[in-house]
Amino acid sequence: MKKTTLVAGLAASALLFAGCSGQAGGGDTGGGAADGATYDWDMTITVSETSTWYAGAEKFGELLDEKSDGRMKLSVFANEQLSGGDPAAGVEMLANGDKAFSYNSPIIYSGIDPRFSAITAPFLYEDYAEADAAIADGGAAAYEQLTDDMGIKMLGFGESGFRQVTNSKHEILAPADIKGLKLRVAGSELFLNIYKELGADPVTMNFSEVFTSLQNGTIDGQENPFDVIYSNGLMEVQEYLTVWNYVYDPLILGMNKDIFEGLSDEDKKIVEEAAAEANEYQIKLSRDKEAEQLAEMEKEMKVTTLNSDQLATFREALQPVYDAYESKWTPEVAEAVQPK
């Protein structure tokens with residue numbers, strides 16, 4: 001099986017901010033000003049306040065406040081509130097400087113630049129250890145360059161986790177079981193093609209609409225990591241959960257590049273240190289909660305964990321997708337995310 005990759009490009013216009021105490025769009029910038037500059041920044045996440053994404057963003061805000069002696073304030077908005085629930089529009093706002101920070105999956109970025117989908121290729125990593133090693137050994141650096149091309153400063157990876165699939169119809173044990181299911185998938189050409197290849201009827205919609213659409217039967221199922229499924233109560237409107245770890249989904253902690261570049265060296269260091277600590281906190285929290293979340297979901301759903309032979313049939317079925325995407329990804333990014 002061929003494993004996957006990514007690349008393309010986008011140059012985003014950025015706003016130039018002046019002054020130490022005024023507020024504009026994504027918040028204050030110090031413009032490289034002297035010590036004492038104050039900041040009031042906005043940050044968005046795609047999912048709810050009960051998620052580890054939100055906990056990580058709140059921790060980031062706490063660290064910024066602490067390390068800056070109260071000069072840096074962060075307001076966190078769940079469910080993409082600043083972009084009407086649309087995460088793709090949220091990334092554009094980040095690139096344009098209409099907000100300062102966000103946690104977004106590379107899946108969302110791939111709607112702008114298909115190179116970002118490399119790290120979310122199906123069955124790329126077997127476990128977290130493989131993903132961690134690949135990110136440390138070139139993966140993070142590759143994504144820092146991709147986001148830089150968009151006018152976004154990447155402040156490391158958080159984590160959404162390995163993605164699973166739920167539905168209201170039946171167990172999924174083989175590719176044939178996905179055929180005909182109307183599934184909400186992440187807003188990415190790659191994900192649409194994955195599920196079309198498996199015979200599903202994939203649709204995209206803002207995540208804020210998913211619970212109601214599952215509840216009223218507009219869609220049969222969806223795919224997401226444990227934390228997103230659990231923290232948004234999707235087990236209340238789904239009967240079957242298939243655990244297959246088919247896509248590893250990190251989170252890009254992004255900051256508008258012009259806002260970052262406008263900071264003094266001292267304040268850049270504060271932001272970078274706070275981001276690193278917040279990402280570490282969020283990743284640990286997400287992984288620590290998985291077993292507990294799965295146990296709770298098992299009380300309300302039929303949970304099926306696929307074995308290696310079953311997974312092999314899915315990998316084989318998706319070979320045409322890997323072949324098609326080789327032309328969309330560059331060798332440099334592909335190699336950067338490969339398991340080490």
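**Close-up views of a predicted model**

**View 1. Helix H9 carries a kink.** H9 has 34 residues and spans 49 Å from first to last C-alpha, close to the 50 Å expected at 1.5 Å a residue. The expected span is 1.5 Å times one less than the number of residues. A kink of about 40° is centred on Glu290. The bend at a residue is the angle between axes fitted to the seven residues ending there and the seven starting there. Helices (H or I, at least four residues) and strands (E, at least two) are DSSP runs, numbered from the N terminus. This is a predicted model: local features need pLDDT of at least 70, side-chain atom pairs count only at pLDDT 80 or more, and totals for chains, interfaces and linings use all residues. Residues are numbered from 1 along each chain as its sequence is written, and side-chain values use heavy atoms, with hydrogens and water left out.

**View 2. The largest nonpolar core holds 49 residues.** Such a core is a set of buried Ala, Val, Leu, Ile, Met, Phe, Trp, Tyr and Cys residues joined through side-chain atoms within 4.5 Å. Buried means under 20% relative accessible area, exposed over 50%, and partly exposed in between (1.4 Å probe, protein chains only). Trp41, Phe60, Leu64, Phe101, Leu241, Met255 and Val271 touch the most other members. H9 (residues 265-298) gives the most to this core, with 7 residues.

**View 3. Leu64 and its contacts.** Leu64 touches Trp41, Met72, Leu74, Ile270, Val271 and Ala274, leaving aside residues up to four places away in sequence. Contact means heavy atoms within 4.5 Å.

**View 4. Helix H5 (residues 189-197) and its buried residues.** Leu190, Phe191, Ile194 and Tyr195 are buried. They sit on the same side of H5, because they cover an arc of only 125° around the axis. The arc is that of the directions from the helix axis to the C-beta atoms. At the start of H5, a side-chain oxygen of Ser188 comes to within 3.2 Å of the backbone nitrogen of Leu190. Just after H5, Gly199 takes a positive phi of about 90°.

**View 5. Glu80 and Asn245 have positive phi.** Most residues other than glycine have a negative phi. Glu80, in the loop between strand S2 (72-77) and helix H2 (87-96), has a phi of about 50°. Glu80 is buried, at 1% relative accessible area. Asn245, in strand S8 (residues 240-256), has a phi of about 45°. Asn245 is partly exposed, at 27%.

Methods:
A polar contact is a pair of N or O atoms within 3.5 Å; within protein, one must be able to donate a hydrogen and the other to accept it, and residues adjacent in sequence count only if both atoms are side-chain atoms.
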